[in-house]
Amino acid sequence: MLSPAETIDIARAFMDKGGPALWAIFAVSFAMWAMILERYWYLYSAYPRQLTTIKREWQHYRRRPAKVAKRLRGRLLEQLSLSACAGLGGIRGTSKVLPLLGLLGTVFGMIDTFDVIAVFGNGNARGLAGGISEALLTTMAGLVTALSGLYFSSDLHERIRILVDLAADELE
């Protein structure tokens with residue numbers, strides 16, 4: 001079992017192999033995961049309280065004339081939906097930026113590779129491997145983190161759609 005200090009050293013060495021783009025991917029993916037976790041926390045903690053509040057409001061409105069009550073019901077459901085979807089745009093946005101950061105790391109790695117070729121020629125395999133490694137690491141990191149963001153964004157969107165549909169049924 002590795003000690004925490006050894007684990008940190010291994011992680012730092014891995015991040016250094018990826019260059020500055022991998023650090024950027026790490027920072028953006030950290031922000032994306034914070035948004036994902038916040039949305040799940042909202043759905044399981046704050047959303048039920050908000051739904052209860054809206055149900056109480058609806059009890060006051062449902063005795064109004066049908067046309068007015070229908071409009072007020074629509075506004076309450078829209079308010080519920082908007083607050084539930086509040087962070088999804090940020091999650092989708094970071095999911096779209098992450099592959100571009102991976103591509104930027106690929107460019108940095110290839111520039112390093114061409115610099116080695118310019119100085120040493122094709123004979124320095126170890127020098128070439130460093131730039132190619134940087135290119136591949138950042139591409140992989142950008143794609144993997146983006147895919148996870150897209151998956152959880154879709155999952156959250158579907159959960160919210162189902163919850164709002166259930167809320168609409170309860171406000172009948």
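Predicted model: local features only at pLDDT ≥ 70, side-chain atom pairs only at ≥ 80, totals over all residues.
Residues are numbered from 1 along each chain as its sequence is written, and side-chain values use heavy atoms, with hydrogens and water left out.

View 1. Asp155 belongs to helix α4 (residues 125-170). Helices (H or I, at least four residues) are DSSP runs, numbered from the N terminus. With a relative accessible area of 18%, Asp155 is buried (buried is under 20% relative accessible area, exposed over 50%, partly exposed in between, with a 1.4 Å probe and protein chains only).

**View 2. Tyr40 also joins a ring cluster with Trp33, Tyr151 and Phe152.** Five aromatic pairs occur in the structure. One of them is Tyr151 with Phe152, an edge-to-face pair at 5.0 Å centre to centre and 80° between the planes. Rings of Phe, Tyr and Trp (its six-membered ring) pair if their centres lie within 6.5 Å; planes over 60 degrees apart count as edge-to-face, under 30 as stacked and the rest as tilted. Tyr151 is exposed, at 52% relative accessibility, whereas Phe152 is partly exposed at 23%.

**View 3. Arg39 places its charged end over the ring of Tyr42.** The distance to the ring centre is 4.4 Å. For this label, NZ of Lys or CZ of Arg must be within 6 Å of the ring centre and within 35 degrees of the ring normal.

**View 4. Helix α3 spans residues 88-120.** Its 33 residues reach 49 Å from first C-alpha to last, close to the 48 Å expected at 1.5 Å a residue (the expected span is 1.5 Å times one less than the number of residues). Among the buried residues of α3 are Leu98, Leu101, Gly102, Gly105 and Gly109. An α-helix has 3.6 residues a turn, so residues three or four places apart point the same way. The cover over the buried residues of α3 includes α1 (4-61) and α4, counting contact as heavy atoms within 4.5 Å. After α3 comes Gly121, with a positive phi near 80°.

Terms used: Helix = DSSP H or I, 4+ residues; strand = E, 2+ residues; numbered from the N terminus.
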